[in-house]
Amino acid sequence: MTRKIALTLAGGLMATTALAPMAHAEGKELTVASWGGSYQEAQSKALFEPYEAATGNTVKQETYGGMSDVRLQVSSGQVTFDVVASGSGSAARAGAEGLLEPLDYEIIDVSDFPEEFYSEYCVGGDVFSVVPAFSTAKFGEDGPRGWADFWDTEKFPGTRAYRGTVSGALEPAMLAMGVAPEDVYAELSSEEGIERALDKIRELKPNIAVFWTSGAQQAQLMKDGEVDMTTGWNGRFDNAKADGAEVSYFFDQGLLDYDCFAIPKGAPNKDLAMEFLAEISKAEYQDDLPKYITYGPTNSAAYETGEISEEMAAKLPSAPENRAKQLPISLEWYAEWEQIAAEMYQEMLTE
């Protein structure tokens, strides 16, 4: 992905650039849309509320259905969102469609961000993993390690839940077939390769009781014991476990991904939105997020503030030991293939 990003400014100048506009924006309101549930609650406590306290501005929080809502607002010329939370792949495609504003990295300091955690149109807010979660009531603590185990209904009998949209749904199928992680996206870069992955999901379909559509749903399925295994986001399962769910997971063959923040094209408060992203991207905000949901920071400096203990770091997807076990999501693949793959995936679901 092409980036026209200036990262060579000195830290002090960058901080001044990022902070100076805040004084002029004091007392203003911006609208931020996210996905609700425990995820948005964590964002609110770690990012949005501290931002309000630090700046005097107000964050009007809304929930939304993803980039389809942004597409509708932009196409109608009635944009009400200033900032949206997004999956990295969806943001890559939305940016390619012209639905998002390019971000100004002379305002947003990403000098401590790994390159894979930001793009021209979206700056990372947290790192998460798509993992195979399992019922400890049924399997004990020794459940599936990797996607081949998730597909193995003899070794691990029982019902499954799987994602109802294509994001993060094809890669597990490829890994379950034994495709090497470094070859997964090459294999998926054709309609024939996508069909191979779909065939693998069709193989499991008799055991799939639910195709989930939200993080809240995947967690609730495990809390209620409605399924024995499900794909999903690691932090949702940790929160469900804290609420009493008998659920666990391993990071083996997880899909390492990140959520990010983007500004819709034509946002009514674009400049304020850019300043907002500069503020909440700082380490002193990101180091608080794992207190509320076990997603890792995208700002590496957040590990150096003393707020994230070694014990907590070991549970985070972006910790080096856990990161090494996983397949990073390819934004380039999603930008090029998501639309085609999504259509094929929906056809498979309705068969």
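Modeller: Helices (H or I, at least four residues) and strands (E, at least two) are DSSP runs, numbered from the N terminus.

Colleague: Fine. What am I looking at?

Modeller: This is a predicted model, in which local features need pLDDT of at least 70, side-chain atom pairs count only at pLDDT 80 or more, and totals for chains, interfaces and linings use all residues. Residues are numbered from 1 along each chain as its sequence is written, and side-chain values use heavy atoms, without hydrogens or water.

Colleague: Let's start with H2. Where is it, and how many residues does it have?

Modeller: Helix H2 covers residues 37-55, which makes 19 residues.

Colleague: Which residues of H2 are buried?

Modeller: Buried means under 20% relative accessible area (over 50% is exposed, in between is partly exposed; 1.4 Å probe, protein chains only). In H2 the buried residues are Tyr39, Gln40, Ala42, Gln43, Ser44, Ala46, Leu47, Phe48, Tyr51 and Thr55.

Colleague: And what comes just after H2?

Modeller: Gly56, with a positive phi of about 80°.

Colleague: Changing topic. Where does Glu120 sit?

Modeller: Glu120 is in the loop between H4 and E4.

Colleague: Why does Glu120 count as partly exposed?

Modeller: Because its relative accessibility is 24%.

Colleague: How does Glu120 lie relative to Pro102?

Modeller: Glu120 and Pro102 are 18 residues apart along the chain, and their C-alpha atoms are separated by 5.7 Å.

Colleague: Now the pockets. Which elements supply the lining of the largest pocket?

Modeller: A pocket is an open set of points on a 1 Å grid, with protein on both sides within 12 Å along at least five of seven lines; lining residues have an atom within 4 Å of a point. For the largest pocket, at least two lining residues each come from helices H3 (67-76), H4 (88-97), H10 (215-223) and H16 (331-349), and from strands E3 (83-87), E4 (123-135) and E9 (255-262).

Colleague: Which of them gives the largest share?

Modeller: H4, with 6 residues.

Colleague: And the second largest pocket: how many residues line it, and which lie nearest its centre?

Modeller: It has 22 lining residues, and Asp238, Tyr249, Phe251, Thr294 and Lys315 are nearest the centre. Helix H11 (234-242) and strand E8 (247-249) are the elements that give two or more residues to this lining.

Colleague: How many come from H11?

Modeller: H11 gives 5 residues, the largest share of the lining of the second largest pocket.

Technical notes. On a 1 Å grid over the protein atoms alone, a cavity is a set of points where a 1.4 Å probe fits but cannot get out, and a pocket is an open set with protein on both sides within 12 Å along at least five of seven lines; lining residues have an atom within 4 Å of a point. The expected span of a helix is 1.5 Å times one less than its number of residues.
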